[in-house]
Amino acid sequence: MNFDRRRFLEALALMGITLPTISVAKEKETEDAEGDFRFLVPAYLQNQTATGINIFTILSKPAVAWLEILDSTGNIQQTIYQSEDGMINANTDFFHFSIAEAPRSFRYRIRAKEIQKFDPYKIIYAQEIQTPIFEAKLAENNQQQIRCLVYNDVHEEKSSYRDLIPNHDPSIYDFFVLNGDSFHYVTDQEDITEKLLKPIEFFATGKPFIMNRGNHETRGSFARNFKRYFGYPNNKYYQAFKRGPIFWIMLDSGEDKPDNHEVYAGTVDYDNYRKEQAKWLETVLQSKERKSAQHTVVISHIPIFHSDDWHGTLHNRECFHPLFQKYKIDAMISGHTHQYGYYPADKDHRYPIFIGGGPKAGKRTIIDISGSAKSLAIRMTRDDGTELGLFKK
C-alpha cells in the first residue's frame with residue numbers, strides 16, 4: 001500500500017484531528033503538576049480601543065491573579081481583577097484584564113497566587129509570584145502619525161519575529177499585525193504559548209498586536225479554542241478602526257479550499273462567513289469614522305489577485321473586491337502565497353497590493369506602514385534589508 005504519512009497528517013490537521021499522544025500528554029501534565037508555579041507568558045497587550053486596552057497572562061497552575069497599575073516610583077495606583085457576574089476569575093491558568101480608561105503610557109505588573117485547594121467553603125493559597133514591571137505605550141486614536149509593522153506566514157519560525165524588526169527596535173512602531181499563518185496548525189495551548197506568545201514577548205508586553213487569522217490558524221484540534229487567547233472587538237476575527245490618520249480594516253479570508261472539500265468533513269462554512277463580512281465591510285466603509293480618516297488600508301491573509309485560482313482566492317475577490325473599488329481603498333496587504341510581490345494599481349484593481357513572502361531565510365518579509373495626515377507610505381522589505389516594493393501617496 002502506498003501510504004503518504006505527510007499528506008495523511010495534513011488531512012487530519014485540516015479536519016481538526018490529531019493522532020493520539022497520550023504518553024507525551026501525561027508526561028507534560030505530570031511535569032506541570034510537579035513543577036514550579038510560574039508565568040508561562042507574563043503579559044501581552046490586546047484589543048486596543050480609543051480609550052482602553054486588554055492585558056492577558058497565562059500561568060503554569062490554577063491561580064487567582066490581578067493587574068497592578070504603577071506610578072513612576074512603583075507605587076500601586078490601581079488594582080484590576082478579571083470579574084464577571086460578581087465573581088473574580090479564579091482557579092484557572094488564563095486571565096485577561098480590561099482597562100477601560102488606560103493612559104497612553106503606563107507601568108504595570110501582574111501578580112498571582114497559586115491555588116492549592118478550591119471548594120465552596122475553603123480556598124487555600126500556596127505561593128505568590130509577580131512579573132517584572134512592564135511599560136505599555138499606546139497610540140492615540142487621533143495622533144498625527146502612525147506606524148505599524150505587518151508579519152505574515154512565519155509558520156513557526158520563531159526567530160523571525162525578532163530577526164525581521166529593523167535594528168531589533170520595536171519601539172518605533174505603534175502596533176503590530178500578524179497577518180496569518182503564524183502556525184502550521186494548532187493542537188493545544190502549548191502551541192500558542194511556545195510558538196507565538198513567548199517569541200513575541202519582547203514587544204507584546206509593551207505594544208499591542210493583532211492576530212489576523214490565516215487559513216492555517218483554522219486547522220488543528222485546538223482551532224476552535226484559538227480566539228480565546230486573543231482580543232477581538234465584538235468577538236469577531238474581522239474588525240475595523242481608525243488609529244492615527246489611517247482607517248484599518250482587518251478581514252478574515254478563511255480557508256483556501258471550498259467548504260465541501262473532503263478534508264473538512266462537512267465542518268466549515270467559510271462562504272457564508274465571507275458574505276457576512278462583506279455586508280459588514282460595506283457598512284464600515286461608509287461610516288463616519290472611516291470618512292474622518294485620510295487613508296484606508298485593508299489587511300487580509302489570502303490575496304484576491306496575483307495568487308491562484310483556488311476557491312478561497314476567487315470567493316474573497318467576489319465578496320470584497322467590488323467594495324474596494326467602489327469605496328476607493330488605498331492599499332491591500334496580504335500573504336499566503338509564500339511568493340513576495342508588489343503590484344501597483346492596474347486595470348484589474350485600482351489599488352496597490354502587497355503580498356508578503358514565506359517563512360524561510362531569503363523569502364521572509366516585513367511590511368511597514370506609516371501614515372500622516374498628508375502622506376501614506378507602505379514599504380515591503382526582505383530579511384536581508386532589500387526593498388521589494390514601495391507605495392507612496
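Is Cys319 buried or exposed?

1. Cys319 is buried, at a relative accessible area of 11% (buried is under 20% relative accessible area, exposed over 50%, partly exposed in between, with a 1.4 Å probe and protein chains only). Cys148 is buried too, at 0%. As for disulfides (cysteine sulfur atoms within 2.5 Å of each other), a search of the whole structure turns up 0.

2. A word on the model: it is predicted, so local features need pLDDT of at least 70 and side-chain atom pairs pLDDT 80 or more, while totals for chains, interfaces and linings use all residues. Residues are numbered from 1 along each chain as its sequence is written, and side-chain values use heavy atoms, leaving out hydrogens and water.

3. Now the rings: there are 27 aromatic pairs (Phe, Tyr or six-membered Trp rings with centres within 6.5 Å; planes under 30 degrees apart are stacked, over 60 edge-to-face, the rest tilted). Tyr151 and Phe203 make a stacked one, with 6.5 Å between centres and 10 degrees between planes. Tyr151 belongs to strand E10 (residues 145-151) and Phe203 to helix H5 (residues 201-204), so the pair ties together parts 52 residues apart in sequence. Helices (H or I, at least four residues) and strands (E, at least two) are DSSP runs numbered from the N terminus. Tyr151 and Phe203 are both buried.

4. Arg243 has its charged end over Phe175, 5.3 Å from the ring centre; Arg317 sits over the face of Phe305, at 4.3 Å.

How values were computed:
A charge sits over a ring if NZ of Lys or CZ of Arg is within 6 Å of the ring centre and within 35 degrees of the ring normal.
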